[in-house]
Structures are given as C-alpha cells and as structure tokens.
Amino acid sequence: MEMDWQVESGSRTTVFLSATTSDLGEYRRCVSDTLQKAGIFPVVQDYFGSDSRSIEEILVDKILASDAVVCLVGHVFGTAPNSNEATTTRSYTQIEFDLAVHYEKPLYLFIADNKFAQNIKGVEPDDLKSKQEEFRTAILSGTRKYQMFSSIIELEQLINALIRPILANAGRRSFKYIDNPPTPLCFVGRTDETEQLNTAIDKRVPSVIVILGMGGQGKTTFLAHALRARPSLPISAGVWISAEQGGFSFSEFLDLALLELMGNRFNKADFPKLNTRVQQLISIMQKRPILIVIDAIERWLTGWGVDKELKGFYDLSFRQGNCNELDDFLQQTSGLDNGSHIILTSRAFPAALDLALCTILPIFPKSKSNVGLTGLTHDEAIELLEQLGMVASKEKLSNLAKSLVCHPLALTGFARVAKTIGKGWESILFEKDNDPSRLFHNLVDEIRKHLPNREISEFLLKCASLLPEGASLELLKWLIIKEYSVNDTLGELNLPALVLALADWNLLIWDPDTQSVRLHSLVAEYFLKLIEDSKRTEIHMHTASWYETKSAENVNLTIFYEILALRHSLAAKDGDHAFYILFNSQQEKIILFDRLTAKGHLWELSEFLQEIIKQVSGLQKVQCILNRTYVLNELELSHLALADLQVASAMVLMRSDLNWPPMQVLLAKCYGFQGIIQNETGKATLAITFLNKSINIFESLDILSDENIMNLIITLANRGVARKASGDWDGAQDDYRRISELFSIKHNNAEPSLDELMMVNEIRFRISNIDINRGEISSAIEGMEAAVGEMRKIQINSATRPRRNYLLSLVSLASAYVVGCKPSHALEIAHELIIPIEELSMQGCWEYNGILAQAYINKARALLQLTRFEEALVAADRSIYLYEDIIKRDAKQLKGQMANALFIRAEAFSFTGNEKHMDEDLQHAISISKIWLQDWYGECNIQTVFLENSIRTLSNLPLKSNETRQELLQMIKQCIDRINSLSVQNLASKREKELINNNWISLRKIALDTGIEWEKTAIKTI
C-alpha cells in the first residue's frame, strides 16, 4: 500500500502496522480496519513491489513517515531478508521493531499469549521458533510497556483504547536537534515573523527559507521558539545543526544529517566524496518531506573571518560557499517541491541563492531598503526588560530600550548587569549607537568590571572562545591550572559555581548534560580580540595536549579526540606535532591517517594535510604531499594529485641528500604514483616511463625492507597493468611472475596478511587473464576461476567492502566466460557483481559505476549468445547510461569503453529489428572510435576491441547499410596499414593480425558486396 502525499506531509495521521502474515494476518486486517474507521492511515508492508531500493531502506522511509508504530508479536518468526536459515538473525517484523526503537517512534506492543499459540497453523524449523521465542522473551522481560491478547475481540478493544493517544501525539515527527539551541528564560514579540515562518513551512514551495539578520538579533532563538511552539510539523523527519558549534564544516554537516536520516545504513566509507554525500542527502529529501535547519551558515561562506562585517547582500565574493559542493547543495535544494524545506539562519545571504526561488524572512515591503531581522519593537523591548526582572517606570524602561536600540542580546545582557548593580544601573546607560554590535561590545566592557573572580573569569571566556567544539568543564579546569600553576590566584576555585555565574550574566551557555559551555558568537568574537597571539598559541597547544591524553584514556572516543588534538595543533601553528598525531602510531594502534582513510574521511584529510604542508618542511613536507596525492586521487581529483606529485618530485630532486635511502624511497614513490595516475587516465606509455624509474630506484637499494618489498611489488603490479594495456603481454607476465617470486621471499619470513593473500591471488588471476589474449581460453578460465575462488574466501573473511581489484577480477572472469562461449556462467558472475554495486551506486558511490557498466556489458554479451535479445538491449542501455553519467563527471578516459558498449547495443538492436537505432549507435561508436584510434593507439587495447566489434558488426549489418559498411571497412584497412608499419610486432599486434586472418574471407566478401576493392598489397601482407 503506497502512502499518499497527505501522509508523507503529516497532514494525515499514519500508523505503521507490523505483524507476521501466517499467524496474524486476520488480526492485522482487524487493526487496519479499526484505525481507518478512526481516520488513521494504516501502513501495512506485507508486499514489496518493484522498487530499486533495499527492503530495509523502504521500511526506514515508511516508519519515519509514520506518527506511530504498532507491533503485533506472535509466535511465528516469519520472513527474513536472508533465506539461509543458518545465517538469519532477524525477521522483517523484528527489524521493523528495531527501526521503531532506533528512530524513537511512539511504539505500541501487543503480544499474542500462549493460548493464542495453540491455534497457530503451519510449522517452522526449530531454530526459527527458538529465535522468535528469544525475541518475545526480550520484550516480556524488558522495560517497554506491552499488552497481551488472545482473540480478535480483545485486540480490537485494545486498539480502540489506543486511538486517542495516537491522535493526540500525531504530527510529532522525528526532528532531532544535533546542537540543541538553549531555551530562553523569556521570549517576547516576533509575532509577524512567526506567522511568516509557519506559512513558509506549510507551503510546498519555495523549499529554502532564509532568516537574515546581524549578530545578536535573535535569529536562532526566534527560529527555535517558533519550531517548538508548533503543534506539528508537516515532515517525516528533520535535523537541526549549527555551523558555529563543534567547529563543524560543511562536510561534517553532511555526515551528521545523513547519519540522522539514514541511521545505521550510513557508512561514510561508502561516501568519501562531498558530491556523493550531497547527492545522497538530496535524494532523501526528494523521497519524503524533510526539514533541515542550518544555523549560522555564514560561517561556511568565503567572507567569514575577514575584517569587514559580513552581512545581508554584501559583496558577492564574500557570500559564496567555501566549497563548490555547498553552493551546489543550496541550489539543488531550492528546486525541491515535495514539502522538504531547508531553513538557514545567516548574517549574509548565500550567493548560491541569488537566482533561486526562496523565502527571505522577515518579509518586508519592496519599498523598504533594509532586509533582515531587526531589533524588537519598542513595546516588545520594554516587555522583555520587565520579564527579565527590571523594575523601573515605563519612561525609564523606554529610554533604556531606545539606548539599546531594542537589540535582544544587549537588552538581555543589560538586564543581568542591572540585576547585579541594583539601583545604580542608570549610571551605565550608553548613548544610543545605531550599530548593535558596537553597542553590545560596549556593554561587555561594562560587564567585565563586575565579573566574579574577574581574572579567571576572563581567562575562562577567552579559552572558550577558542574552542568552537564546546569547552568541557574538565578541559577548562585543566587550562586554568596550566595558566595559574605558579601563583595562588586560583585559590579554592569553585569552577561549576563560576560557570553558572557567567551563564547568569548571559556570557556563556551551560549544557548540564554534556558538562560543557559554549559562547554566543558575538561574545566569542569579543573575547577573541582580547587574546594576544602568543597566548592563543599556548592555549591551543595545551588543549591539543589535553585531547591527546583523553584519547589514550577513552577508547570509544579516541578518533574524535585525536581529530580535535590535530585541529588545535594546527591552530597553534605546530605543524610538526600535527604531523606526529596524524602519522605516528601509539599503543600499537593503526595510525590516524589510515583510520581516517578507512572510515571515508578523505575530504577532511585533504584539508588537514594542506594545512600541515604549510607548516612543515623537508622530509615531512614531501611525505604530506605524497599522502595528500593519494587522498586526492581517491577523491577522483587526479589533476590536483598530479600537480602535487610534480611539486613533491621537484622538492626531492633539489635536495643535497638525494642518495640517502629514505629520500630515494620518497622519489620512487613519487614516480610510482605518477605512473598509477597516468595509467588510470589511459596513458599507459607515459605510465610505463614513470613506473620504470620507480622500479629502478627500488632495485638499486642495497637492502630491501619488508615495506620496500611491498612498494616494489605494488609498482611492478601497476607496470604489469600498463604493459598489458600497451600490448606488451610478455612484459606484463614477466612483472607478475616477478611479483610471485618476491611474495615467496617475503612470506618465508612472516605469515601473509589477508591483504597480501588477496594480492597474491590477484596476480595469479592476471597471469591467467593474459592467456585469454593469447587464445588459450580453457586453461585461462581454469586459472582465473581458482584465483577468484580464493579471493572470494578472503573477501568474506575480511568483512570489509569489496576491494576494487576483486570486483574488476569478477568483471574479467565474466568476459572470459563470454569469450569461452559459457554465457550462463557469465550471467551468474554478472549478477554477483550487479546487485551489490547497484546498491552502492544508489547510495551515491559513483566511483563504482565504471565497474558496474562493464558488468552490464558482459551481461548483454552473454544474453546475445543466449539469443535473449530484448534482455540484452536492456542491459546495454543501462551500461551506456552509466558511461554517459561517468563521462559527464570528467572521466573522459572511459569514452573508448562506451564505444564498445554502443557496438554491443547496436548488435542487440539489429537482432530486434530496430535498424534506425542500430544505425544511430553505430555512427556514435564509429565517431568515438575514429578519435580513439588516432589519439589513443598504443595506450590501451582500443584497436583490438574495435576490430572485434567491427568484424562482428559487419557480419550482422543488412545490405542496405552500405555506407556504414564502407566506413567500417575503411577503418579496418587503416588498422591493417598500422599493423604492417610496425617494425617490431608485439603480442597485441600479432593477436590483431590473427583476428583479421581468421576473418579475411568474410571481410573480402563483404568488401566485394559493398563495392570496395582492397589493395592486393594489404591482402598479401595479412
């Protein structure tokens, strides 16, 4: 049953109903009917129709879009995601219970008693019965409220009693405050703005709402109050995140939002790139109405931190996102029309929205020049002062409100000062200043005179201003002790009391749950200006030291504390220490760089390394550049990676200690990595040049450590790939056999790791794969199958995401099956690949789409052999769509593979009788092939693939496609001339010559039928 837009938007109350069909089907229908009679929409997910998403993903969406979940728990285990009974742990109904608990939905449990069990029909295996009994026992012995039933009448009565509480709580969807804005002691005014905000939220478009205003005008307080005051929100889920809390970057915002909206389905290692996470978040917002609040987004704009005030529609260059992906995100969200909204509070209007449809609050008449949240009205300001405890005549309060320009933060701060001073508060009245920021700073100047334990209070506030992640009480105490350890100023300091006093002065915000403090942005800006540079450095260094100590003490938060230690070391301009944190192992832990890489924090690593590079020199600088190269290449920013490598190579070559082994190793790595990137972008010949240099350096070292043996193995493997692509199959095979010898030497001294075992079998696979090109099909397939079997075992044992090389091996095996006329085997491998990679692709992991496209082409080729032409056409369509998408993302090196896919689809069109589309595909394939045969000859096997495709196409072309025949024959003739011109024939050219010889009779006949007479010299040569 599909939910309608009213349910998705929260306009109708909806309940997700979970129950097993075999024993509780009739009971579930009764509950469904009872709910519908009460006007409640029941969601019964007993049928999963055609949907590209996983079942768990569908369940998450349905449960999040529901106001409550009703679980009927019987004695039957039911259907499970995994049909293998030995590995099944949770049934679908149990998963639905788990999801309701995880997303904190109102959960109503009804348990079928033992009397009910006597009437169950059907038998389940004992192990499944046992698992269901364990589930029931966990509920019955747990703390969650439940009710028992044994008949339909009893259950109907229980559900009727449930109607009122469900309706009473309806509309309270899952809205999570990641950064909980404090609830003000007093809130007045903003009536018009609240009405405007509610109207904007209730409309489906515009989807972007921007609350503008300078600092201290109460944007955050107003928005939080308005959202909390609403009885319901027309959304299925939402999240509030502040850009000024926790030192968050746009990248971290994406992590937190996706984690909240996807739950345990979000694994950052699957989304290391910003654009993939942006697309995933947009995809979620397109599927169901989501509300996302980004508070203080101006911190992610390019103008933040400049001397000039960032406000309103200030200079365009200051209002752009600090990364392109932020601007893309804002522009894309502005086009949503399904009820999803993004609300931004900001001092400045993001430039990405200049031409987008959005709502700017507050809404002013067009004739009014200033746009944005201003101070309270005069009467509202007086009301706020009175609620804050100011006792004075209306006239005095009126004058006070005017002198403070009705600025909410200034009014609140002044009321706290007046409370301390008492009757003499009029002595500190300021002359009216139309600049609220200056006015507030003047007020803080006055407040400082009255602070308790002033010296320590000011130091505490200075420290907190340098800690955007939030300052824990424990850390503040540590910093104060470090500062005052040599004098007795500290005395018997009661730090909690001091923090509460400063909170009472409205100078900081105290969070009792986390035992931490944070500052309002205006307060933080004020105290930051009071700190000398040397003192800033010292505080950052002490903070980094404290986080390092905490990381050693708290295993669960180790990586979090290490990142904070790294940030503060960089803020202290201590690049050497930041390098140490990132690359040195402590207590036998894997280095932080590798852990961050494994968890997908590539974007953050790139930024960290860029900052460290600015602060270090010598060997450390080169190592950082090399590691950043790796990160950039993983992010598919190969042009930036190559630029970094050129800088690193130049730095090494300029050093006087170039003969020092560690320096030689660095140079070898520089060359090797350049070879990898050149090969990945299709430039095999250039790649071999760099890889040769790298191998020569490694082989010249007097002693090869285990680490450098692995470096040599990896470099040889990459050269083998490049040699094979350039047609030097013997050279590739020599490299692979050399690797096998090196592994034998290495494994004599130590047990191989899983990664090493995987690589050993990858090399075995590559050696066998070369035999396919030699025409030794049967023995090649046998060797490839054995290697893939071992790799599959290792992959299962490693419990990690499938390695790229393993997936590519499966692609090659499927292709070998097609060549060996085993299409059914090829289809099995294709399905093994397609299902998990499609899932990754839907999650936004575009880097796997190239492998997925190849899998679909193998599927199409296999289906053609099986004469299942319509299915082959569908598979070829999917492959071409994927290639077009990847090429749009600047992966131009895959155009040759798309030409291959177009030839395959043209063949499918010819067999289905669609000659028009066949001609279109062939012309497109030919146009790509002409360019590639000219520009990429010798860099990859484009000529071999073209000859295979064109010869097969010629045999299938109808007689009336005479022009296409002539064009293909002319291109084949050019290939023949090129082969003849080679002074030295490599194995690839010999294979091409053999291919033409084997098909020469048919080619000659086609040429004669087409009216083309080939030169006799060409015939003789071939």
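Let's start with a charge over a ring. Arg228 sits over the face of Tyr177, 5.1 Å from the ring centre. Keep in mind that this is a predicted model.

Now the overall picture. The protein chain has 1022 residues, and 53% of them count as buried. It holds 44 helices and 14 strands. Look at contacts between residues at least 6 apart in sequence. Of these, 71% join residues at least 24 apart.

On to the aromatic rings. How many aromatic pairs does a search of the whole structure find? The count is 21 aromatic pairs. Take Tyr27 and Phe149. Their ring centres are 5.7 Å apart and their planes meet at 40°, so this pair is tilted. Tyr27 is buried because its relative accessible area is 12%, and the cut-off for buried is under 20%. Phe149 is at 0%, so Phe149 is buried as well.

A second pair is Tyr547 with Tyr561. This pair is stacked, with 5.7 Å from centre to centre and 25° between the planes. Why does the pair tie together separate parts of the chain? Because Tyr547 lies in helix α21, residues 533-553, while Tyr561 lies in helix α22, residues 558-571. In sequence, those parts are 14 residues apart. Tyr547 has 3% relative accessibility, so Tyr547 counts as buried. Tyr561 is buried too, at 12%.

Rings also form a cluster here. Ring pairs link Phe250, Phe253, Trp300 and Phe329.

Glu604 belongs to helix α25, residues 602-615. Is Glu604 buried or exposed? Buried, because its relative accessible area is 8%. The side chain of Glu604 makes a polar contact of 2.4 Å with the side chain of Ser251. Set aside neighbours within four places in sequence. Glu604 is then in contact with Ser251, Glu252, Asp255, Lys268 and Arg277.

Phe673 is the next stop. You will find Phe673 in helix α28, residues 661-680. With a relative accessible area of 12%, Phe673 is buried. Which residues does Phe673 touch, not counting those up to four places away in sequence? They are Leu626, Thr629, Tyr630, Asn633 and Leu645. One more distance for this residue. Phe673 and Ala641 are 32 residues apart along the chain, and their C-alpha atoms are separated by 9.2 Å.

Two helices now. Helix α4 covers residues 92-102 and is mostly covered, with 8 of its 11 residues buried. The buried ones are Tyr92, Thr93, Gln94, Ile95, Glu96, Phe97, Leu99 and Ala100. What do the buried residues of α4 pack against? Three strands are on the list: β1 (14-18), β3 (68-73) and β4 (107-112). Helices α3 (55-64) and α6 (126-140) are on it too. Just after α4, Glu104 takes a positive phi of about 55°.

Helix α34 runs over residues 804-819. Its length gives us a check. At 1.5 Å a residue, its 16 residues should span 22 Å. The end C-alpha atoms are 23 Å apart, which agrees. The buried residues of α34 are Tyr806, Leu807, Ser809, Leu810, Val811, Leu813, Ala814, Ala816, Tyr817 and Val818. Here, too, look just past the end.

A disulfide is a covalent bond between the sulfur atoms of two cysteines. With a cut-off of 2.5 Å between cysteine sulfur atoms, how many disulfides are there? The count comes to 0 disulfides. Two cysteines to look at are Cys358 and Cys975. Cys358 has 18% relative accessibility, so Cys358 counts as buried. Cys975 counts as buried because its value is 1%.

To recap. The search gave 21 aromatic pairs, and the disulfide count was 0. Glu604 is buried and has a polar contact with Ser251. Over to you for discussion.

Key:
Residues are numbered from 1 along each chain as its sequence is written. This is a predicted model: local features need pLDDT of at least 70, side-chain atom pairs count only at pLDDT 80 or more; totals for chains, interfaces and linings use all residues. Side-chain values use heavy atoms; hydrogens and water are left out. A disulfide is a pair of cysteine sulfur atoms within 2.5 Å. Buried means under 20% relative accessible area, exposed over 50%, partly exposed in between (1.4 Å probe, protein chains only). Rings of Phe, Tyr and Trp (its six-membered ring) pair if their centres lie within 6.5 Å; planes under 30 degrees apart count as stacked, over 60 as edge-to-face and the rest as tilted. Helices (H or I, at least four residues) and strands (E, at least two) are DSSP runs, numbered from the N terminus. A charge sits over a ring if NZ of Lys or CZ of Arg is within 6 Å of the ring centre and within 35 degrees of the ring normal. A polar contact is a pair of N or O atoms within 3.5 Å; within protein, one must be able to donate a hydrogen and the other to accept it, and residues adjacent in sequence count only if both atoms are side-chain atoms. Contact means heavy atoms within 4.5 Å. The expected span of a helix is 1.5 Å times one less than its number of residues.
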